[in-house]
Structure formats: C-alpha cells, structure tokens
Amino acid sequence: MEQTLIRMMDAKSDPLTSLKELIDALRPGKVIDGVTAINNARALCYLLEQHAEYRAALRKQLFTLLGTTRQVQLYTDTGILSNESVFTAIVRRVGSKLLPPPVKPEYLKDLFGVLFPNTNDYVWLNDIPTEVWFEVGAAAHLEELSLAEIPTHIRLQQLEAIQVLSCRLSAIGLEPEIVLHHPDVERFESPFVRLNAEVLSYIERYREDLTARRPPDEDHSHILVLLQQCEQIIAKVWKMAAKNGASVSLTYHLLRLKQHIDRLKVLFDLVDSMTPEKHGPALLGLFLELVKAENRKYSVRDVLQENTELLALQITEHASHTGEHYISETRSEWLQMFRSAAGAGVIVGFMALIKILFAKAHLPPLLEAFAFSMNYALGFMLIHILHFTVATKQPAMTAARIAAALPTIENKKNEAYTELIELMIKVIRTQFIAIVGNVLLAIPVALGIAWLWWYEFGQHVVDTTKADKMLQELMPIAGMGIFYAAIAGCCLFLAGF
C-alpha cells in the first residue's frame with residue numbers, strides 16, 4: 001500500500017491507474033474477510049496521518065480525476081430504476097454481459113466500473129464500519145486545501161445532476177396514472193412543477209457564486225419543504241391505490257419517485273455549504289450505494305428480484321384489503337360466513353353434476369377441457385354475484401392480509417406480534433366455518449341430485465366403477481389427492497390476483 005502511495009507522488013502518474021492500485025491494495029483476498037478490510041483501511045489512515053506528502057498526492061490524484069470527468073450520469077442513473085420494461089432490461093443486461101460497452105474515460109460512471117470491477121466489491125466495502133470510513137476521511141485532511149485547490153467542476157456537476165433529477169421528478173409526478181389517483185393536482189398547482197422552478201432558481205444563484213469565487217450561501221430549506229410535499233402526495237397515492245386498486249406500473253412510478261427524492265436530498269446535503277457536518281455521512285452513503293449499483297448493473301437476477309418485489313408489494317397492498325372481507329371479526333360475521341359458505345355449497349353440488357355429465361359425453365380433449373373450465377368459471381361467477389363464499393378461495397386472499405400484518409424490522413414489538421396472532425386465530429376460525437358451510441350443504445345437495453336422477457331416469461349418475469375411481473383419485477396418500485390439491489392451490493393463488 002505504501003508503494004502505491006509513493007507512486008502517486010510521481011507527477012506523471014495516471015490518476016485512474018493510481019487510484020485503482022490503491023483500491024486493489026485495500027481489497028481483502030476473500031470478499032467475506034471483513035477484518036482484513038478494516039485493518040487495510042486503518043493502515044491507510046496511519047500512512048496518511050504520518051506522511052503529509054502521501055495525503056497530498058492522494059488528494060491531488062482524486063481531485064484530478066473528479067475535476068476532469070463528467071459525473072452527472074453517475075448521480076442520476078446509477079442505483080435508480082430506469083424507465084424500461086422487464087424484458088428490455090433483461091435483454092440489455094444479457095447483451096452487455098456478452099458484449100460489454102466500451103469504457104468512455106470522460107464519464108465517471110464508466111470509470112467507476114474500472115475502479116471497482118469485481119461484482120462483490122460492495123460486500124467488503126460495507127463491512128468497514130462507518131467510524132473507520134470517517135477516520136480515513138479525517139486522515140486525508142481536506143482542511144489543508146484552499147478553496148481554489150478544489151475544482152469548481154465537481155460542484156457544477158452535482159448541480160447539473162440536481163437539475164436533471166428535478167426535471168425527471170416533475171415528469172414522473174405528472175404521469176397520468178399518478179394524477180388519476182390524486183386529482184387535486186389538476187385543481188391546484190402541483191409541488192412537482194413548483195419544485196422544478198425552485199431548483200432552477202437555486203442552481204442559477206449557486207452557479208453565480210461559484211463563478212465569482214465566493215462561498216455559496218444559498219438556502220435550500222424551501223426546496224426540502226417541496227420535496228416533503230411530494231412525499232405526501234406519494235403517500236396519498238399509495239392510500240388511494242390500496243383502496244381502488246393499483247397496477248404494477250403505478251407501483252413502479254411511485255418507487256422511482258421515492259428514489260429520485262432520496263437522491264436529491266443526498267446531493268443537496270453535498271452542495272450545502274451551511275451544514276458541512278452533513279457532507280461526510282451523505283458522501284459515504286452515496287459512495288457505498290453507487291458501488292453496489294455499479295457491481296450489480298449487469299445482474300439479470302436483480303431485475304427479476306426488483307420486479308418480483310414490485311409485484312409482491314402491489315399484491316400485499318391491494319389484496320390484503322380484499323382479504324379482510326374473508327375474515328370474521330364478530331359472532332354475527334362468523335354466522336354470516338356460514339350462511340355464505342352454505343349457499344356456495346348448493347351451487348358446488350350442481351357444478352359437480354354438470355362436470356360428471358360433461359365427462360360422460362366423451363368430448364374431444366380440447367372441447368372437454370373448455371367445457372370443464374366454463375363450468376367452473378360460470379359457477380364461481382354465480383357464487384361471486386350472489387355474495388357466497390368458497391372455502392378454497394379464502395387462503396389465496398387472506399394470505400396477503402397476513403403478510404401485510406407481519407411485524408416489520410422497525411416494528412418488532414410485542415403489540416405487533418399480538419395483533420398478528422389474533423389475526424391468524426380469526427383466519428383459522430373463519431376458514432373452519434367456511435369449510436363446514438360448504439361441506440354441510442354440498443354433500444346433501446349432491447345426494448339429493450343423485451337420488452332424483454335415479455328416481456327420474458332409472459340409473460345412477462355415477463356407477464360403482466366410476467365411483468371407485470373417483471374415490472381412489474381423492475385418497476390423500478394412496479391416490480393423487482395431495483398432488484391435485486397442490487395444483488389447485490397454485491391456480492387459486494394466481495386467480496386471487
């Protein structure tokens with residue numbers, strides 16, 4: 001490591017190469033070896049504290065790199081969801097893996113991949129505690145630099161990134177889906193629009209101060225208020241979507257809004273000259289976030305995981321409210337669930353008769369499958385219209401409600417677990433009475449139909465051979481009962497969407 005710092009002192013050394021060698025020296029042999037990473041970071045602190053020429057060379061190389069590259073794309077694109085479909089994102093990442101795009105040395109976003117080429121660099125960087133990172137920053141002694149020695153280009157690039165993020169934030173905030181769930185935006189001036197105007201004014205005054213080489217004293221507290229108003233709109237849209245139904249695209253827009261707001265707050269902390277104590281935490285958090293995003297930029301797995309989480313979030317938010325209708329809170333609701341399930345049991349008995357008749361018709365496989373599916377579809381539609389309940393449909397809807405009630409990492413209190421336990425007890429009771437209601441009427445209805453059929457037509461609906469086969473198929477262990485039930489469970493889960 002010391003040899004790398006010595007080579008940095010050479011006036012002809014390349015900043016990118018020097019910084020890459022330093023990062024290679026800090027990187028432990030095994031990515032999970034956090035102890036070595038911490039020791040290497042503390043060794044760097046010691047060398048910088050003991051040798052003023054080392055830290056001067058490091059500062060020079062770092063600011064030379066930052067002062068000669070474009071940083072806007074790094075701040076505005078890395079770690080933020082792009083406006084593309086899942087298929088497009090997967091194709092782009094697979095294509096980039098097979099044929100990596102050329103590195104453009106004028107863009108810091110591309111050089112970030114050169115400095116941290118390993119896909120797991122973020123692991124050992126995150127293993128280094130925050131206080132150790134602050135020790136490294138203190139050992140660099142940036143206070144030894146004058147204002148003229150820090151390139152103005154760095155601050156200008158951050159201001160340009162703020163402007164780009166603000167424009168994108170305003171555009172996303174006025175998406176038709178978001179306006180649809182928050183119609184007040186059409187009657188009153190949207191904070192997304194006012195935010196962009198205030199940001200442009202702030203940046204213009206800040207640039208004038210930088211051009212005049214005077215310390216900027218711009219106050220952005222009013223912009224933070226507008227960002228808070230934007231977050232309030234996001235919360236209202238979430239609430240409306242949970243009530244009226246949300247789409248994956250709406251969820252995607254809202255998450256992008258949240259990411260843009262969070263990134264804007266970090267950049268404002270970096271450019272704010274009135275609160276320098278925020279610079280260190282903001283810079284460290286942004287640095288670790290950017291490294292992880294850069295390491296994972298070609299991961300197809302991450303694309304699928306992000307979109308799966310979006311889908312799960314949408315289902316949990318919306319389906320949990322639908323699941324509340326399948327949970328009985330009081331005795332009267334419990335009895336009402338029994339009556340609702342009993343009504344469905346009558347219809348299910350007739351559905352079983354129709355299916356048996358379709359099977360006796362010996363239709364071609366495609367027509368037989370269509371006939372069976374229409375029987376089930378029309379039967380369940382009739383049950384829904386009459387506000388009846390089928391017990392097998394309940395778990396698919398109540399599962400999302402249970403998921404929504406799970407204690408979060410921030411709320412692992414006894415009250416949260418008590419609420420979850422009480423909810424599961426209510427679900428079990430309601431599920432039990434729904435099964436009882438379905439079975440108590442489905443069986444006698446089926447028996448009544450079978451007896452009437454034999455009385456009217458002189459033959460049984462199901463002969464002994466067919467009956468033995470049906471019973472064998474329903475055996476949980478000896479037959480295929482569990483397998484068939486599992487298939488039905490998966491299909492009901494999908495149908496619950």
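A disulfide here is a pair of cysteine sulfur atoms within 2.5 Å. With that in hand, here are some close-ups of this predicted model.

**View 1. Looking for disulfides among the cysteines.** Going by that cut-off, the count comes to 0 disulfides. Take cysteine 167: the nearest cysteine sulfur belongs to cysteine 230 and sits 13 Å away, so cysteine 167 is in no disulfide. Cysteine 491 has its nearest cysteine sulfur in cysteine 490, at 6.8 Å, and it is in no disulfide either.

**View 2. Helix H13 from end to end.** This helix runs over residues 191-211. At the start of H13, a side-chain oxygen of serine 190 comes to within 3.1 Å of the backbone nitrogen of phenylalanine 192. After the helix comes arginine 213, which has a positive phi, near 60 degrees.

**View 3. The buried side of H13.** Tucked away in this helix are Pro191, Phe192, Leu195, Asn196, Val199, Tyr202, Ile203, Tyr206, Asp209 and Leu210, which are buried. They cover an arc of only 150 degrees around the axis, so they end up on the same side of H13. The background is simple: an α-helix has 3.6 residues a turn, so residues three or four places apart point the same way.

**View 4. Helix H7 and the helices it packs against.** In H7, which covers residues 108-115, the buried residues are Leu108, Leu111, Phe112 and Leu115. Seen down the helix axis, they fall within an arc of 115 degrees, so they line one face of H7. What do these buried residues pack against? Their partners are helix H2 (15-26), helix H4 (52-67), helix H5 (72-76) and helix H16 (279-295).

View 5. You'll find arginine 263 in helix H15, residues 248-271. Is this arginine buried or exposed? Its relative accessible area is 2%, and buried means under 20%, so arginine 263 is buried. Leaving aside residues up to four places away in sequence, arginine 263 touches Leu74, Tyr75, Thr76, Thr78, Gly79, Ile80, Leu165, Leu286, Glu289 and Leu290.

Technical notes
Residues are numbered from 1 along each chain as its sequence is written. This is a predicted model: local features need pLDDT of at least 70, side-chain atom pairs count only at pLDDT 80 or more; totals for chains, interfaces and linings use all residues. Side-chain values use heavy atoms; hydrogens and water are left out. Helices (H or I, at least four residues) and strands (E, at least two) are DSSP runs, numbered from the N terminus. The expected span of a helix is 1.5 Å times one less than its number of residues. Buried means under 20% relative accessible area, exposed over 50%, partly exposed in between (1.4 Å probe, protein chains only). The arc is that of the directions from the helix axis to the C-beta atoms. A polar contact is a pair of N or O atoms within 3.5 Å; within protein, one must be able to donate a hydrogen and the other to accept it, and residues adjacent in sequence count only if both atoms are side-chain atoms. Contact means heavy atoms within 4.5 Å.
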